[in-house]
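Let's walk through this structure together, one piece at a time. Have the model open and follow along as we go.

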Amino acid sequence: VGVAGAGAGVGTSALFSDEESFEDNQIQAGELDLFIDYTTSVDQDGVETGGTPEDGSPNTGTIQGGESGQYQIADVKPGDSGLVALCPRIETNPAYLWLCGELTANNENGITEPESDVDDTGGDGNGELAQNVDVTLQYCYLDDDIADDGGFNEDDVEGATDIWSGTLAELFDRIQYGAPLDGDGATPMNDGGFFEPGEQECYPGTADDGEGPCLCLDWEVPYEVGNVIQSDSLSFDLQLYAQQCRHNDGTD
């Protein structure tokens, strides 16, 4: 019995075994990075210049990583006009895109003797310039050879679709809480305007090998404005905000 018991013990120690490995596994977060390529022009007395007239060249650049672009114009008069083009590039995931903005100053800066005949208001915030700059906001596409044809102007804009028009003051009332932009450059029923939040298409990311439209802001001070804007000044901020499309519905 002792020998038999020893034999049984040896027999049960020889078990089948095997081992497989699922190795070198990784999880990496995606990326969402918004770049804004911009270019601007000003037309004063039929002379087209960049964003800063003294410069005499197109004002272009890229906004990214806390950097901002500036559009500074001095000595604006009735009949002057200009164009600002903002072209979003989204690295790498597609994103919902929103346009936000704020009129940060609309100042009187004193009343000249000619202006006093048509305006008796004064002080900061009481200027009339923002109410007398007509603007048109469009989805647009730009020529690839802007730098080669003598500077940026309306002839470099292709395939423009009107989104909104009114005064500069009215535009900032409309976008102060954010207005959704459409990645296909479309408007509701092709009648202009912004889509309701959640109805807009995403802007493609670079991983999709696509590009959404640029935004063109076309402005003009009408000839008939007259003395009411003398010495007035305004300043404003524009911001583009991107949020990944996946797991979001574009309503916020």
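Start with Tyr-139, whose bridge partner in strand β9 is Leu-215. Keep in mind that you're looking at a predicted model.

Now zoom out. The protein chain has 3 helices and 10 strands, and 38% of its 252 residues count as buried.

Next, look for the disulfides; the count comes to 3. Cys-140 and Cys-216 form a disulfide, with sulfur atoms 2.1 Å apart. It links β6 to β9, with Cys-140 and Cys-216 sitting 76 residues apart in the chain. Cys-140 counts as buried because its relative accessibility is 0%, below the 20% cut-off. Cys-216 is buried too, also with a relative accessible area of 0%.

Strand β9 also holds Cys-214, which is joined to Cys-87 in strand β4 (residues 81–92), 127 residues away. Both Cys-87 and Cys-214 are buried.

Finally, find Cys-202 and Cys-245, whose sulfur atoms are 1.8 Å apart in a disulfide. Cys-202 lies in the loop between β8 and β9 and Cys-245 in the segment after β10, so this pair ties together parts 43 residues apart in sequence. Is Cys-202 buried or partly exposed? Cys-202 counts as partly exposed because its relative accessibility is 23%, whereas Cys-245 is buried at 11%.

Notes: Residues numbered from 1 in each chain as written. Predicted model: local features only at pLDDT ≥ 70, side-chain atom pairs only at ≥ 80, totals over all residues. Heavy atoms only, no water. Pairing = 2+ DSSP bridges. Helix = DSSP H or I, 4+ residues; strand = E, 2+ residues; numbered from the N terminus. Buried < 20%, exposed > 50% of the residue type's maximum accessible area, 1.4 Å probe, protein only. Disulfide = S-S within 2.5 Å.
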